[in-house]
Amino acid sequence: MASPNEPADPIAKGVIPTAKQNLSDLLKWKQRVEVTNDYRESSCEWQTPEPLKNPISLFAQLGARDWVFFICGLLAWTADAFDFHALSIQTVKFAAYYKTTNTNITTALTLTLLLRSVGAAFFGLAGDRFGRKWPMVVNMFAVGLLQIATIYSRTFHQFLAVRSLFGLFMGGVYGNAIAMALEHCPVNARGLMSGILQQGYSLGYVLAASANLGIGGSTNSWKKVFWIGAGFSIGVGIIRIFFPESKQFLEAKKNGQKKITAHAFWRDTRGMLAQEWKICVYCVIMMTWFNFYSHTSQDSYTTFMLQSKGLKNAAASRASIWMKTGSIFGGFTVGYLSQFFGRRRAIITSAIISCFLIPAWILPKSERSLSASGFMLQFFVQGAWGIIPIHLNELSPPAFRSSFPGLTYQLGNMISSPSTQIVNAIAEKRFVQDAGGKHVKAYGPVMGVATAIIAVGIACTVAVGPEKRGRKFEEAPIAGVGAIIPPKDIEMADGVGEKTLHAEKAVEIRETPP
(Lines give C-alpha, C1' and ligand atoms only; values in the text may rest on other atoms or scores of the structure.)
Protein backbone atom coordinates (compact mmCIF):
# COMPACT_ATOMS: atom_id res chain seq x y z
CA MET A 1 0.00 0.00 0.00
CA ALA A 2 1.41 3.40 -1.02
CA SER A 3 2.25 5.89 1.72
CA PRO A 4 0.02 9.01 1.89
CA ASN A 5 3.05 11.13 2.78
CA GLU A 6 5.01 13.22 0.32
CA PRO A 7 8.21 11.49 -0.85
CA ALA A 8 11.54 13.08 0.10
CA ASP A 9 15.05 12.92 -1.27
CA PRO A 10 17.21 10.11 0.16
CA ILE A 11 19.48 10.70 3.13
CA ALA A 12 22.60 12.44 1.84
CA LYS A 13 25.92 10.62 1.73
CA GLY A 14 29.13 12.11 3.06
CA VAL A 15 29.83 14.35 6.04
CA ILE A 16 29.43 17.77 4.38
CA PRO A 17 26.32 16.91 2.27
CA THR A 18 24.69 15.30 5.31
CA ALA A 19 25.41 18.35 7.49
CA LYS A 20 23.93 20.66 4.84
CA GLN A 21 20.84 18.48 4.53
CA ASN A 22 20.39 18.35 8.32
CA LEU A 23 20.69 22.12 8.60
CA SER A 24 18.15 22.57 5.80
CA ASP A 25 15.75 20.08 7.43
CA LEU A 26 15.96 22.02 10.69
CA LEU A 27 14.20 24.93 8.95
CA LYS A 28 11.37 22.71 7.66
CA TRP A 29 8.44 21.82 9.88
CA LYS A 30 7.92 18.35 8.43
CA GLN A 31 10.44 15.67 9.27
CA ARG A 32 12.41 13.64 6.71
CA VAL A 33 11.87 10.01 7.73
CA GLU A 34 13.51 6.91 6.30
CA VAL A 35 10.94 4.11 6.18
CA THR A 36 11.70 0.44 5.59
CA ASN A 37 9.22 -2.20 4.45
CA ASP A 38 9.12 -5.87 5.38
CA TYR A 39 11.72 -6.69 2.75
CA ARG A 40 14.21 -4.11 4.07
CA GLU A 41 13.63 -1.77 1.13
CA SER A 42 14.14 1.82 2.27
CA SER A 43 12.79 5.14 1.05
CA CYS A 44 12.37 8.63 2.52
CA GLU A 45 9.21 10.68 3.02
CA TRP A 46 8.07 13.86 4.74
CA GLN A 47 5.99 13.25 7.85
CA THR A 48 4.02 15.80 9.88
CA PRO A 49 4.64 15.54 13.67
CA GLU A 50 1.78 14.16 15.74
CA PRO A 51 0.02 16.82 17.84
CA LEU A 52 0.95 16.94 21.50
CA LYS A 53 -1.20 14.82 23.79
CA ASN A 54 -2.15 15.48 27.38
CA PRO A 55 0.70 14.17 29.58
CA ILE A 56 -1.84 12.31 31.73
CA SER A 57 -3.07 10.38 28.70
CA LEU A 58 0.54 9.56 27.80
CA PHE A 59 1.14 8.25 31.31
CA ALA A 60 -1.99 6.10 30.99
CA GLN A 61 -0.52 4.35 27.93
CA LEU A 62 2.12 2.69 30.13
CA GLY A 63 1.07 -0.53 31.80
CA ALA A 64 2.11 -1.66 35.27
CA ARG A 65 5.08 -3.61 33.92
CA ASP A 66 6.20 -0.62 31.85
CA TRP A 67 6.13 1.59 34.93
CA VAL A 68 8.14 -0.93 36.94
CA PHE A 69 10.96 -0.92 34.41
CA PHE A 70 10.85 2.86 34.02
CA ILE A 71 10.93 3.54 37.76
CA CYS A 72 13.73 1.02 38.28
CA GLY A 73 15.81 2.73 35.57
CA LEU A 74 15.02 6.14 37.07
CA LEU A 75 16.06 5.00 40.57
CA ALA A 76 19.33 3.57 39.26
CA TRP A 77 20.20 6.82 37.48
CA THR A 78 19.16 8.86 40.55
CA ALA A 79 21.38 6.77 42.85
CA ASP A 80 24.23 7.11 40.36
CA ALA A 81 23.88 10.91 40.40
CA PHE A 82 23.57 11.02 44.22
CA ASP A 83 26.86 9.15 44.59
CA PHE A 84 28.66 11.47 42.16
CA HIS A 85 27.31 14.72 43.61
CA ALA A 86 27.93 13.58 47.18
CA LEU A 87 31.52 14.59 46.44
CA SER A 88 31.03 17.63 44.18
CA ILE A 89 28.78 19.51 46.61
CA GLN A 90 31.10 18.78 49.57
CA THR A 91 34.39 19.82 47.93
CA VAL A 92 35.17 22.32 50.70
CA LYS A 93 34.63 19.67 53.41
CA PHE A 94 36.90 17.19 51.63
CA ALA A 95 39.59 19.84 51.19
CA ALA A 96 39.52 20.50 54.94
CA TYR A 97 39.43 16.76 55.78
CA TYR A 98 42.46 15.87 53.65
CA LYS A 99 44.16 19.25 54.26
CA THR A 100 44.49 20.12 50.58
CA THR A 101 43.01 22.54 48.03
CA ASN A 102 39.63 22.48 46.31
CA THR A 103 41.43 21.96 42.98
CA ASN A 104 43.19 18.84 44.28
CA ILE A 105 39.90 17.43 45.53
CA THR A 106 38.32 17.94 42.11
CA THR A 107 41.05 15.66 40.74
CA ALA A 108 38.85 12.86 42.09
CA LEU A 109 35.95 14.10 39.94
CA THR A 110 38.26 14.17 36.92
CA LEU A 111 39.43 10.58 37.53
CA THR A 112 35.84 9.42 38.01
CA LEU A 113 34.74 10.98 34.73
CA LEU A 114 37.82 9.68 32.88
CA LEU A 115 37.20 6.06 33.82
CA ARG A 116 33.43 5.99 33.40
CA SER A 117 33.83 5.28 29.67
CA VAL A 118 35.61 1.99 30.44
CA GLY A 119 32.69 0.85 32.58
CA ALA A 120 30.22 2.05 29.97
CA ALA A 121 31.88 -0.07 27.29
CA PHE A 122 32.10 -3.21 29.44
CA PHE A 123 28.67 -3.13 31.08
CA GLY A 124 26.95 -1.68 28.00
CA LEU A 125 28.13 -4.54 25.79
CA ALA A 126 27.21 -6.98 28.57
CA GLY A 127 23.72 -5.45 28.65
CA ASP A 128 23.33 -5.82 24.88
CA ARG A 129 24.45 -9.45 24.94
CA PHE A 130 23.17 -10.87 28.22
CA GLY A 131 20.31 -8.51 29.09
CA ARG A 132 19.77 -5.42 31.22
CA LYS A 133 19.18 -7.07 34.59
CA TRP A 134 22.37 -8.59 35.97
CA PRO A 135 24.83 -6.00 34.65
CA MET A 136 22.77 -3.37 36.48
CA VAL A 137 22.63 -5.43 39.69
CA VAL A 138 26.43 -5.84 39.70
CA ASN A 139 26.85 -2.12 38.94
CA MET A 140 24.68 -0.93 41.80
CA PHE A 141 26.23 -3.25 44.39
CA ALA A 142 29.76 -2.28 43.35
CA VAL A 143 28.97 1.44 43.41
CA GLY A 144 27.49 1.15 46.89
CA LEU A 145 30.48 -0.77 48.25
CA LEU A 146 32.90 1.78 46.78
CA GLN A 147 30.99 4.58 48.53
CA ILE A 148 31.71 2.73 51.78
CA ALA A 149 35.37 2.28 50.76
CA THR A 150 35.59 6.06 50.27
CA ILE A 151 34.51 6.58 53.88
CA TYR A 152 37.40 4.42 55.09
CA SER A 153 40.05 6.04 52.85
CA ARG A 154 42.52 7.47 55.34
CA THR A 155 44.91 9.20 52.98
CA PHE A 156 44.34 11.45 49.99
CA HIS A 157 45.98 8.92 47.65
CA GLN A 158 43.71 6.13 48.90
CA PHE A 159 40.79 8.45 48.32
CA LEU A 160 41.84 9.08 44.69
CA ALA A 161 42.34 5.34 44.07
CA VAL A 162 38.87 4.44 45.37
CA ARG A 163 37.19 7.22 43.37
CA SER A 164 38.94 5.94 40.23
CA LEU A 165 37.47 2.47 40.80
CA PHE A 166 34.15 4.12 41.53
CA GLY A 167 34.24 5.71 38.07
CA LEU A 168 34.69 2.30 36.39
CA PHE A 169 31.49 0.92 37.87
CA MET A 170 29.51 4.16 37.81
CA GLY A 171 30.01 4.34 34.04
CA GLY A 172 28.01 1.20 33.40
CA VAL A 173 24.76 2.43 34.94
CA TYR A 174 23.54 5.00 32.39
CA GLY A 175 23.31 2.89 29.23
CA ASN A 176 21.49 -0.03 30.82
CA ALA A 177 19.21 2.25 32.84
CA ILE A 178 17.93 4.32 29.90
CA ALA A 179 17.65 1.31 27.56
CA MET A 180 15.59 -0.59 30.13
CA ALA A 181 13.43 2.41 31.01
CA LEU A 182 12.60 3.70 27.51
CA GLU A 183 12.28 0.56 25.42
CA HIS A 184 8.94 -0.20 27.07
CA CYS A 185 7.48 3.28 26.47
CA PRO A 186 5.03 4.04 23.60
CA VAL A 187 6.64 6.06 20.81
CA ASN A 188 4.55 9.21 21.37
CA ALA A 189 5.35 9.21 25.11
CA ARG A 190 9.11 8.87 24.78
CA GLY A 191 9.90 12.60 24.74
CA LEU A 192 8.08 13.13 28.03
CA MET A 193 9.46 9.99 29.66
CA SER A 194 12.98 10.81 28.46
CA GLY A 195 12.76 14.22 30.14
CA ILE A 196 11.62 12.66 33.40
CA LEU A 197 14.25 9.91 33.24
CA GLN A 198 17.17 12.26 32.62
CA GLN A 199 16.16 14.33 35.63
CA GLY A 200 17.06 11.42 37.84
CA TYR A 201 20.45 13.14 37.59
CA SER A 202 19.02 16.36 39.00
CA LEU A 203 16.95 14.49 41.57
CA GLY A 204 20.13 12.76 42.75
CA TYR A 205 21.73 16.20 43.15
CA VAL A 206 18.74 17.50 45.11
CA LEU A 207 18.79 14.48 47.42
CA ALA A 208 22.54 14.78 47.97
CA ALA A 209 22.23 18.53 48.65
CA SER A 210 19.34 17.86 51.04
CA ALA A 211 21.42 15.28 52.87
CA ASN A 212 24.30 17.75 53.05
CA LEU A 213 21.93 20.40 54.42
CA GLY A 214 20.51 18.01 56.99
CA ILE A 215 23.82 16.78 58.44
CA GLY A 216 25.39 20.22 58.80
CA GLY A 217 28.69 21.77 57.80
CA SER A 218 31.26 20.07 60.06
CA THR A 219 34.29 18.62 58.31
CA ASN A 220 33.58 14.94 59.07
CA SER A 221 29.88 15.19 58.23
CA TRP A 222 30.53 14.18 54.58
CA LYS A 223 30.77 10.56 55.72
CA LYS A 224 27.09 10.48 56.66
CA VAL A 225 26.11 11.56 53.13
CA PHE A 226 28.25 8.74 51.71
CA TRP A 227 26.58 6.18 54.00
CA ILE A 228 23.20 7.33 52.67
CA GLY A 229 24.45 7.01 49.09
CA ALA A 230 25.81 3.52 49.70
CA GLY A 231 22.47 2.34 51.09
CA PHE A 232 20.60 3.93 48.19
CA SER A 233 22.71 2.21 45.52
CA ILE A 234 22.70 -1.22 47.14
CA GLY A 235 18.96 -0.89 47.73
CA VAL A 236 18.30 -0.27 44.04
CA GLY A 237 20.41 -3.33 43.19
CA ILE A 238 18.35 -5.47 45.56
CA ILE A 239 15.07 -4.17 44.09
CA ARG A 240 16.25 -5.00 40.55
CA ILE A 241 16.90 -8.62 41.54
CA PHE A 242 13.19 -9.17 42.17
CA PHE A 243 12.05 -8.08 38.70
CA PRO A 244 12.52 -10.09 35.50
CA GLU A 245 14.70 -9.35 32.50
CA SER A 246 13.52 -6.72 30.04
CA LYS A 247 10.51 -8.10 28.16
CA GLN A 248 11.69 -6.65 24.88
CA PHE A 249 15.13 -8.22 25.25
CA LEU A 250 13.64 -11.63 26.01
CA GLU A 251 11.22 -11.46 23.08
CA ALA A 252 13.91 -10.34 20.65
CA LYS A 253 16.13 -13.16 21.85
CA LYS A 254 13.29 -15.68 21.60
CA ASN A 255 12.47 -14.60 18.06
CA GLY A 256 16.07 -14.96 17.03
CA GLN A 257 17.89 -17.80 18.72
CA LYS A 258 18.13 -18.97 22.29
CA LYS A 259 21.90 -18.81 22.55
CA ILE A 260 23.99 -15.95 21.25
CA THR A 261 27.55 -17.00 20.58
CA ALA A 262 30.44 -14.69 21.42
CA HIS A 263 31.60 -14.94 17.80
CA ALA A 264 28.21 -13.78 16.43
CA PHE A 265 27.96 -10.95 18.96
CA TRP A 266 31.43 -9.56 18.29
CA ARG A 267 30.97 -9.96 14.55
CA ASP A 268 27.88 -7.75 14.73
CA THR A 269 29.70 -5.31 17.01
CA ARG A 270 32.60 -4.93 14.57
CA GLY A 271 30.18 -4.59 11.69
CA MET A 272 28.21 -1.90 13.53
CA LEU A 273 31.37 0.10 14.23
CA ALA A 274 32.49 -0.18 10.60
CA GLN A 275 29.12 0.95 9.31
CA GLU A 276 28.13 3.51 11.97
CA TRP A 277 31.46 5.08 12.97
CA LYS A 278 30.44 8.53 11.72
CA ILE A 279 27.34 8.69 13.92
CA CYS A 280 29.47 7.38 16.82
CA VAL A 281 31.94 10.25 16.37
CA TYR A 282 29.12 12.79 16.09
CA CYS A 283 27.43 11.56 19.28
CA VAL A 284 30.73 11.65 21.20
CA ILE A 285 31.28 15.27 20.09
CA MET A 286 27.71 16.18 21.04
CA MET A 287 28.01 14.50 24.44
CA THR A 288 31.37 16.20 25.07
CA TRP A 289 29.65 19.58 24.68
CA PHE A 290 26.74 18.45 26.86
CA ASN A 291 28.94 17.16 29.67
CA PHE A 292 30.96 20.38 29.67
CA TYR A 293 27.58 22.16 29.80
CA SER A 294 26.32 20.44 32.93
CA HIS A 295 29.58 20.10 34.88
CA THR A 296 30.69 23.68 34.21
CA SER A 297 27.33 25.16 35.20
CA GLN A 298 26.69 23.12 38.34
CA ASP A 299 29.64 21.26 39.92
CA SER A 300 31.32 24.39 41.32
CA TYR A 301 28.13 26.36 41.95
CA THR A 302 27.98 25.50 45.66
CA THR A 303 31.66 26.45 46.02
CA PHE A 304 30.91 29.68 44.12
CA MET A 305 28.16 30.60 46.59
CA LEU A 306 30.32 29.73 49.60
CA GLN A 307 33.55 31.43 48.58
CA SER A 308 32.50 34.18 46.17
CA LYS A 309 29.11 35.18 47.59
CA GLY A 310 29.83 34.50 51.25
CA LEU A 311 26.79 32.27 51.85
CA LYS A 312 26.78 29.80 54.73
CA ASN A 313 26.63 26.04 54.11
CA ALA A 314 22.87 25.89 54.81
CA ALA A 315 22.04 28.82 52.52
CA ALA A 316 24.25 27.49 49.71
CA SER A 317 22.65 24.05 50.02
CA ARG A 318 19.14 25.53 49.86
CA ALA A 319 20.04 27.56 46.75
CA SER A 320 21.54 24.43 45.16
CA ILE A 321 18.34 22.52 45.83
CA TRP A 322 16.27 25.24 44.13
CA MET A 323 18.70 25.25 41.21
CA LYS A 324 18.26 21.52 40.59
CA THR A 325 14.53 21.73 41.18
CA GLY A 326 14.55 23.99 38.11
CA SER A 327 16.45 21.23 36.32
CA ILE A 328 13.73 18.70 37.08
CA PHE A 329 10.93 20.93 35.81
CA GLY A 330 12.94 21.93 32.74
CA GLY A 331 13.85 18.36 31.87
CA PHE A 332 10.37 16.93 31.59
CA THR A 333 8.87 20.14 30.14
CA VAL A 334 11.35 20.50 27.27
CA GLY A 335 11.50 16.72 26.76
CA TYR A 336 7.72 16.65 26.41
CA LEU A 337 7.71 19.56 23.92
CA SER A 338 10.46 17.94 21.84
CA GLN A 339 8.03 15.22 20.80
CA PHE A 340 6.18 17.83 18.73
CA PHE A 341 8.69 20.60 18.01
CA GLY A 342 11.61 18.26 17.35
CA ARG A 343 14.61 17.11 19.36
CA ARG A 344 17.10 19.47 17.74
CA ARG A 345 14.89 22.57 17.81
CA ALA A 346 14.19 22.07 21.50
CA ILE A 347 17.89 21.60 22.34
CA ILE A 348 19.01 24.65 20.34
CA THR A 349 16.29 26.89 21.80
CA SER A 350 17.16 25.85 25.37
CA ALA A 351 20.89 26.41 24.82
CA ILE A 352 20.38 29.91 23.38
CA ILE A 353 18.01 30.98 26.18
CA SER A 354 20.50 29.76 28.80
CA CYS A 355 23.12 32.11 27.30
CA PHE A 356 20.92 35.14 27.91
CA LEU A 357 20.33 34.09 31.53
CA ILE A 358 24.03 33.94 32.49
CA PRO A 359 24.34 37.54 33.85
CA ALA A 360 21.31 37.02 36.11
CA TRP A 361 22.87 33.71 37.22
CA ILE A 362 26.24 35.00 38.47
CA LEU A 363 25.66 38.64 39.52
CA PRO A 364 23.14 38.40 42.43
CA LYS A 365 24.37 38.28 46.03
CA SER A 366 21.42 37.12 48.13
CA GLU A 367 20.30 33.55 48.66
CA ARG A 368 16.86 34.26 47.17
CA SER A 369 18.22 35.86 44.01
CA LEU A 370 20.80 33.13 43.47
CA SER A 371 18.11 30.49 44.01
CA ALA A 372 15.76 32.10 41.46
CA SER A 373 18.41 32.68 38.79
CA GLY A 374 19.90 29.23 39.35
CA PHE A 375 16.42 27.72 38.96
CA MET A 376 15.88 29.46 35.61
CA LEU A 377 19.31 28.72 34.16
CA GLN A 378 19.18 25.04 35.05
CA PHE A 379 15.59 24.83 33.73
CA PHE A 380 17.05 25.31 30.26
CA VAL A 381 20.40 23.56 30.78
CA GLN A 382 18.70 20.40 31.94
CA GLY A 383 15.78 21.06 29.61
CA ALA A 384 18.21 20.45 26.75
CA TRP A 385 19.62 17.46 28.65
CA GLY A 386 16.15 15.99 29.12
CA ILE A 387 16.02 15.15 25.41
CA ILE A 388 19.33 13.29 25.42
CA PRO A 389 18.22 9.80 26.58
CA ILE A 390 15.65 9.37 23.80
CA HIS A 391 17.74 11.28 21.23
CA LEU A 392 20.69 8.91 21.81
CA ASN A 393 18.39 5.87 21.74
CA GLU A 394 16.89 7.00 18.42
CA LEU A 395 20.32 7.65 16.90
CA SER A 396 21.73 4.34 18.17
CA PRO A 397 22.00 1.21 16.03
CA PRO A 398 18.90 -0.65 17.32
CA ALA A 399 20.78 -3.72 18.53
CA PHE A 400 23.21 -1.64 20.60
CA ARG A 401 20.92 0.65 22.62
CA SER A 402 22.63 -0.23 25.89
CA SER A 403 26.27 0.11 24.84
CA PHE A 404 25.96 2.92 22.27
CA PRO A 405 24.22 5.60 24.43
CA GLY A 406 26.24 4.67 27.51
CA LEU A 407 29.59 4.64 25.71
CA THR A 408 29.08 7.85 23.72
CA TYR A 409 27.79 9.59 26.85
CA GLN A 410 30.73 8.44 28.95
CA LEU A 411 33.34 9.15 26.25
CA GLY A 412 31.97 12.68 26.22
CA ASN A 413 32.31 12.64 30.00
CA MET A 414 35.90 11.45 29.70
CA ILE A 415 36.87 14.24 27.29
CA SER A 416 35.13 16.86 29.44
CA SER A 417 36.39 15.34 32.71
CA PRO A 418 38.78 18.22 33.56
CA SER A 419 35.95 20.78 33.36
CA THR A 420 35.39 21.18 37.11
CA GLN A 421 39.11 21.09 37.82
CA ILE A 422 39.75 23.75 35.15
CA VAL A 423 37.04 26.03 36.59
CA ASN A 424 38.47 25.69 40.11
CA ALA A 425 42.08 26.12 38.98
CA ILE A 426 41.35 29.33 37.06
CA ALA A 427 38.95 30.77 39.66
CA GLU A 428 41.31 30.15 42.59
CA LYS A 429 44.14 32.07 40.89
CA ARG A 430 42.08 35.06 39.80
CA PHE A 431 40.11 37.49 41.90
CA VAL A 432 37.32 39.95 41.16
CA GLN A 433 35.91 42.77 43.23
CA ASP A 434 32.39 42.25 44.54
CA ALA A 435 29.81 45.00 45.14
CA GLY A 436 31.24 45.67 48.59
CA GLY A 437 34.77 46.18 47.30
CA LYS A 438 36.03 42.85 48.61
CA HIS A 439 38.25 40.70 46.39
CA VAL A 440 36.78 37.22 45.94
CA LYS A 441 37.69 34.19 43.83
CA ALA A 442 36.50 34.57 40.23
CA TYR A 443 34.12 31.60 40.10
CA GLY A 444 31.28 33.67 38.62
CA PRO A 445 33.06 35.10 35.55
CA VAL A 446 34.85 31.80 34.84
CA MET A 447 31.65 29.75 34.94
CA GLY A 448 29.69 32.39 33.01
CA VAL A 449 32.13 32.73 30.09
CA ALA A 450 32.66 28.97 29.85
CA THR A 451 28.93 28.19 29.92
CA ALA A 452 28.21 30.74 27.16
CA ILE A 453 30.89 29.26 24.87
CA ILE A 454 29.62 25.74 25.50
CA ALA A 455 25.96 26.63 24.87
CA VAL A 456 26.87 28.16 21.49
CA GLY A 457 28.90 25.04 20.68
CA ILE A 458 25.92 22.82 21.45
CA ALA A 459 23.59 24.88 19.25
CA CYS A 460 25.99 24.78 16.29
CA THR A 461 26.76 21.06 16.64
CA VAL A 462 23.14 19.95 16.98
CA ALA A 463 22.05 22.18 14.08
CA VAL A 464 24.09 20.12 11.60
CA GLY A 465 23.45 16.77 13.26
CA PRO A 466 20.89 14.07 12.49
CA GLU A 467 17.50 13.47 14.11
CA LYS A 468 15.38 10.33 14.07
CA ARG A 469 12.47 11.41 16.22
CA GLY A 470 9.84 8.69 16.54
CA ARG A 471 12.13 5.91 15.35
CA LYS A 472 10.57 2.49 16.04
CA PHE A 473 13.39 0.39 17.45
CA GLU A 474 11.35 -1.83 19.74
CA GLU A 475 11.14 -4.83 17.41
CA ALA A 476 14.76 -4.85 16.25
CA PRO A 477 16.74 -8.06 16.84
CA ILE A 478 19.43 -8.01 19.50
CA ALA A 479 23.10 -8.19 18.56
CA GLY A 480 24.21 -11.62 17.40
CA VAL A 481 20.71 -12.66 16.32
CA GLY A 482 19.75 -12.47 12.66
CA ALA A 483 16.53 -10.91 11.37
CA ILE A 484 14.35 -13.01 9.11
CA ILE A 485 13.12 -11.34 5.93
CA PRO A 486 10.02 -12.92 4.40
CA PRO A 487 10.14 -14.10 0.78
CA LYS A 488 8.96 -11.56 -1.78
CA ASP A 489 6.64 -12.39 -4.69
CA ILE A 490 7.79 -11.35 -8.16
CA GLU A 491 5.47 -11.58 -11.15
CA MET A 492 6.71 -13.73 -14.03
CA ALA A 493 7.54 -12.04 -17.32
CA ASP A 494 5.01 -14.03 -19.36
CA GLY A 495 2.15 -12.00 -17.85
CA VAL A 496 0.03 -15.05 -17.15
CA GLY A 497 -0.37 -13.88 -13.58
CA GLU A 498 1.49 -16.73 -12.00
CA LYS A 499 3.89 -15.86 -9.24
CA THR A 500 7.03 -17.50 -8.08
CA LEU A 501 8.90 -17.07 -4.88
CA HIS A 502 12.01 -14.99 -5.03
CA ALA A 503 13.57 -17.59 -2.78
CA GLU A 504 12.40 -20.96 -1.53
CA LYS A 505 12.89 -19.94 2.04
CA ALA A 506 13.40 -16.81 4.02
CA VAL A 507 16.77 -15.19 3.77
CA GLU A 508 18.58 -14.43 6.98
CA ILE A 509 20.32 -11.08 7.17
CA ARG A 510 21.84 -9.23 10.05
CA GLU A 511 21.64 -5.70 11.35
CA THR A 512 25.27 -5.16 10.39
CA PRO A 513 27.51 -6.83 7.82
CA PRO A 514 29.80 -9.65 9.01
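Modeller: What follows is a talk through a predicted model, from the overall make-up to single residues.

Colleague: How many helices and strands are in the protein?

Modeller: The protein has 21 helices and 9 strands. It is 514 residues in total, and 54% of them count as buried.

Colleague: And what is the accessible surface of the protein?

Modeller: About 21600 Å², with 66% of that belonging to carbon and sulfur atoms.

Colleague: What share of the contacts joins residues at least 24 apart?

Modeller: 81%, counted among contacts between residues at least 6 apart in sequence.

Colleague: Let's go to the sheet with β1. What is the strand order in that open sheet?

Modeller: The order is β1-β3-β2, 3 strands with antiparallel pairing. β1 and β2 are the edge strands, each pairing on one side only.

Colleague: How many bridges join β1 to β3?

Modeller: There are 2 bridges between β1, residues 6-7, and β3, residues 42-47. Glu-6 stands opposite Trp-46, and Pro-7 has Glu-45 as its bridge partner.

Colleague: And how many join β2 to β3?

Modeller: 6 bridges, with β2 covering residues 31-36 and running antiparallel to β3. On that side Glu-34 stands opposite Cys-44.

Colleague: What sits between β2 and β3?

Modeller: 5 residues, as the two strands form a hairpin. Arg-40 is in the turn and has a positive phi of about 65 degrees.

Colleague: What about the phi of Lys-99?

Modeller: Lys-99 has a positive phi too, near 55 degrees. Its place is the loop between α4 (91-97) and α5 (102-130).

Colleague: Is Lys-99 buried or exposed?

Modeller: Exposed, because its relative accessibility is 74% and the cut-off for that class is over 50%.

Colleague: Where is Lys-20, and is it buried or exposed?

Modeller: Lys-20 is in helix α1, residues 15-26. With a relative accessible area of 60%, Lys-20 is exposed.

Colleague: How far apart are Lys-20 and Val-464 in sequence and in space?

Modeller: They are 444 residues apart in sequence, while their C-alpha atoms are 6.8 Å apart in space.

Colleague: Now Val-225. Where is its place?

Modeller: In helix α11, which spans residues 222-241. Val-225 has a relative accessible area of 0%, so it counts as buried.

Colleague: Which residues is Val-225 in contact with, leaving aside its neighbours within four places?

Modeller: Phe-82, Ala-86, Gln-90, Ala-208, Ala-211, Asn-212 and Ile-215.

Colleague: What separates Val-225 and Leu-213?

Modeller: 12 residues along the chain, and 9.9 Å between their C-alpha atoms.

Colleague: How many residues of α18 are buried?

Modeller: 8 of its 8 residues, so by the cut-off each has under 20% relative accessible area. The helix covers residues 388-395, and its buried residues include His-391, Asn-393 and Glu-394.

Colleague: Changing topic to empty space. How does one find it in a model?

Modeller: A probe the size of a water molecule is rolled over the atoms, which shows where empty space is left.

Colleague: How many cavities does the search find here?

Modeller: There are 2 cavities of 30 Å³ or more in the whole structure.

Colleague: Which residues line the second largest cavity?

Modeller: Trp-77, Gln-198, Tyr-201, Asn-291, Ser-294, Gln-382, Trp-385 and Tyr-409. Helices α13 (262-298) and α17 (367-385) each supply at least two residues of that lining.

Colleague: How does that lining divide by class?

Modeller: Into 4 nonpolar and 4 polar residues, with no charged ones.

Colleague: And the second largest pocket, what is its volume?

Modeller: About 330 Å³. It is lined by 20 residues, and the closest to its centre are Ser-308, Lys-309, Val-432, Asp-434 and Val-440.

Terms used:
Residues are numbered from 1 along each chain as its sequence is written. This is a predicted model: local features need pLDDT of at least 70, side-chain atom pairs count only at pLDDT 80 or more; totals for chains, interfaces and linings use all residues. Side-chain values use heavy atoms; hydrogens and water are left out. Two strands pair if DSSP finds at least two bridges between them. Helices (H or I, at least four residues) and strands (E, at least two) are DSSP runs, numbered from the N terminus. On a 1 Å grid over the protein atoms alone, a cavity is a set of points where a 1.4 Å probe fits but cannot get out, and a pocket is an open set with protein on both sides within 12 Å along at least five of seven lines; lining residues have an atom within 4 Å of a point. Grid points are joined across faces, edges and corners, and a volume is the space filled by probe spheres set on the points. Ala, Val, Leu, Ile, Met, Phe, Trp, Tyr, Cys and Pro count as nonpolar, Asp, Glu, Lys and Arg as charged, and the others, Gly among them, as polar. Buried means under 20% relative accessible area, exposed over 50%, partly exposed in between (1.4 Å probe, protein chains only). Contact means heavy atoms within 4.5 Å. Accessible areas come from the Shrake-Rupley method with a 1.4 Å probe; for residues, only the protein chains shown count as cover.
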